[in-house]
Amino acid sequence: MAAPYARKLGKLLTPLAGCLVLGGALYFAGTTYQDAGAEALAVVYRVLGYALSIGLILFAALFVHRLVQVVVLEGLVSSALGEPVPRLLVQLSGMVVFGIAFAAIAGYVFKQDLTVLWAASGVLGVVLGMAIREPLLDICSGLALNLDRPIRIGDHIRLHRAGDITIEGRVQEISWRSTRIKDDFGNIVVVPNSRLAASTITNHSRPEPFIEFMTSVVLDHGVPTERALRILEAAALEAWGTFVVPGAGAPYIRVRAVTLDGVEYGIFFDTPVEKRFRARSLVLQKVLEHLGAAGLRPAWPKGERSPGDPATRAWRDLDAARIAQALAGTALFGGLPADDVRVLAENARLRRLPAGATLAQAGEAAAALYVVLEGLLTVEPVRSRTGQAEPPRDAGPGSVAGAVALFQGTTYAETARGRTEVLVVELGLEAIRALVTRRPEGAEELSRQVAALVVSELRGRAGGRRSLAAEADLAADVLAHIRRATGMQPVVLASGV
């Protein structure tokens, strides 16, 4: 334990002994000690004067730099640009101010000839410029990028140059030598400013923060053009609500080409560039859903024979079988026997509604219910007594509107309008009368279906459980109204002896 302390003490005693020996020599030398002390004191005063002068100039330079940064750059320049000043300009202004400050220190504090210094620095600059040409080129390119401002921090850009790889991503930082870009895979790509300045830059964030993207679908030649446009527009609009951005236009459909396989339709929509592939996936999912609901699917090469190949117009036209298939796919009529659904389809009526037209107005007496076959409806609930209303919702293929009001004999509680051109199946009391005339028991099954649907919706909004008693009471009310509206007498079962 004593050895470490002895080593530490030895480290202290050595310089202390040297001080005592040299101090004693100066003391016994007479006036030499006094002369050395006076000279040391003069040196201290001179060095202190240098330090104070240098500190004064540096603090003055710091004040000027802060003044330029706050008043000129962050105040006037930032207001003119409408966005924060690039950090590179702030650093450049600091270099200029402190360069002048160091020149003042050399000239006024150390009494050096500035002409000689500038000449020497010029020669040194030429030598360094030849030695570090690439870094200087990057710095000059960085200055040009900040002055010309083709890109800004946060912009999504694409760099492409002949013979080089394409870099695409969002700008994270622009420094003296390089620009950092976060690509679409989450990687940080460091690009020298000289290469950035020599590349062709596509800025996806200017003038709008979104781009128009397109995906295509090929449908069979036999599908009428107006029908294809209606189905595809409804699908694109329904998908568009999940990635819509402020200022973006609504999706639109165009016929792009007529090929041997079918008619190619282009679906155009606005989306942030980094979300374009996810947006395309959502659009195509909705397109397949709407085509499936309409009994269609994308075309295939006509050299192949595939199950379901449309050899007849029945595959393309809306006949009673196709309407029955659509009705059976709804929650309201899905539980009925196939023969009952077929009777409803045979007595149904097809209606084509242009975009913006009203199908059912809230407050009007219900005369029919509507099943969406193709297109998109906007359903707007009426305001409650407190003045609050639920937001409008979209009703796509397979949706039913006006069923509760029709079967209860009340007025429509919601207004349904065409968001796109829409094709609907209209079922009035005549279709219900045809069903109950053919099979009276069908009225009871239909009333139970309506009651179960209504109670399920109400409980779903309230977040509670289904009440079997409330469902039975509602089914009895619906059955009574069906009997009154269709003139059907109650079914009496005869008892045998």
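Guide: Let us begin with Phe63, which has a relative accessible area of 56% and is therefore called exposed, since buried means under 20% relative accessible area, exposed over 50%, and partly exposed in between, with a 1.4 Å probe and protein chains only. This is a predicted model, in which local features need pLDDT of at least 70 and side-chain atom pairs count only at pLDDT 80 or more, while totals for chains, interfaces and linings use all residues. Residues are numbered from 1 along each chain as its sequence is written, and side-chain values use heavy atoms, with hydrogens and water left out.

Visitor: Where is the place of Phe63, and what makes a nonpolar patch on the surface of Phe63, Val64, Leu67, Val70, Val71 and Val72?

Guide: Phe63 belongs to helix α2, residues 31-81; helices are DSSP runs of H or I with at least four residues, strands are runs of E with at least two, and both are numbered from the N terminus. A patch is made of residues with over 30% relative accessible area and no salt bridge, where nonpolar side chains (Val, Leu, Ile, Met, Phe, Trp, Tyr) are joined within 5 Å and like charges within 9 Å. Phe63, Val64, Leu67, Val70, Val71 and Val72 form such a patch, with about 510 Å² of accessible area together. Accessible areas come from the Shrake-Rupley method with a 1.4 Å probe, and for residues only the protein chains shown count as cover.

Visitor: Why does Thr420 count as buried, and why is Arg419 called partly exposed?

Guide: Thr420 has 0% relative accessibility and therefore counts as buried. Arg419 has a relative accessible area of 29%, so the term for Arg419 is partly exposed. Arg419 is placed in the loop between β15 (414-418) and β16 (422-428), and Thr420 is also in the loop between β15 and β16.

Visitor: Which residues does Thr420 contact, leaving aside its neighbours within four places in sequence?

Guide: Contact means heavy atoms within 4.5 Å. The partners of Thr420, apart from neighbours within four places, are Arg230, Glu233, Ala234, Leu237, Leu353, Pro354, Ala355, Gly375 and Leu376.

Visitor: What joins the side chains of Arg419 and Asp394?

Guide: They are joined by a polar contact of 2.7 Å. A polar contact is a pair of N or O atoms within 3.5 Å; within protein, one must be able to donate a hydrogen and the other to accept it, and residues adjacent in sequence count only if both atoms are side-chain atoms. Beyond residues up to four places away, Arg419 touches several others, including Leu237, Trp240 and Thr378. The C-alpha atoms of Arg419 and Thr378 are separated by 5.6 Å, although these residues are 41 apart along the chain.

Visitor: What makes the contact between Arg349 and Glu426 a salt bridge?

Guide: A salt bridge is a side-chain nitrogen of Lys or Arg within 4 Å of a carboxyl oxygen of Asp or Glu. For Arg349 and Glu426 the N to O value is 2.8 Å, and a salt bridge is assigned. This pair links distant parts of the chain, with Arg349 in strand β9 (residues 349-353) and Glu426 in strand β16, 77 residues apart. Arg349, at 45%, is partly exposed, whereas Glu426, at 13%, counts as buried.

Visitor: Why is the pair of Lys286 and Glu238 said to tie together parts of the sequence?

Guide: Their side chains meet in a salt bridge of 3.5 Å, N to O. Lys286 lies in helix α8 (residues 276-293) and Glu238 in helix α7 (residues 225-240), so the pair ties together parts that are 48 residues apart in sequence. Lys286 is partly exposed at 22%, and Glu238 is partly exposed at 25%.

Visitor: How do you know that the buried residues of helix α12 are on the same side?

Guide: The buried residues of α12 (residues 429-438) are Ala431, Ile432, Leu435 and Val436. They cover an arc of only 130° around the axis, which puts them on the same side of α12; the arc is that of the directions from the helix axis to the C-beta atoms. The face turned away from the buried side of α12 carries the exposed residues Glu430 and Thr437.
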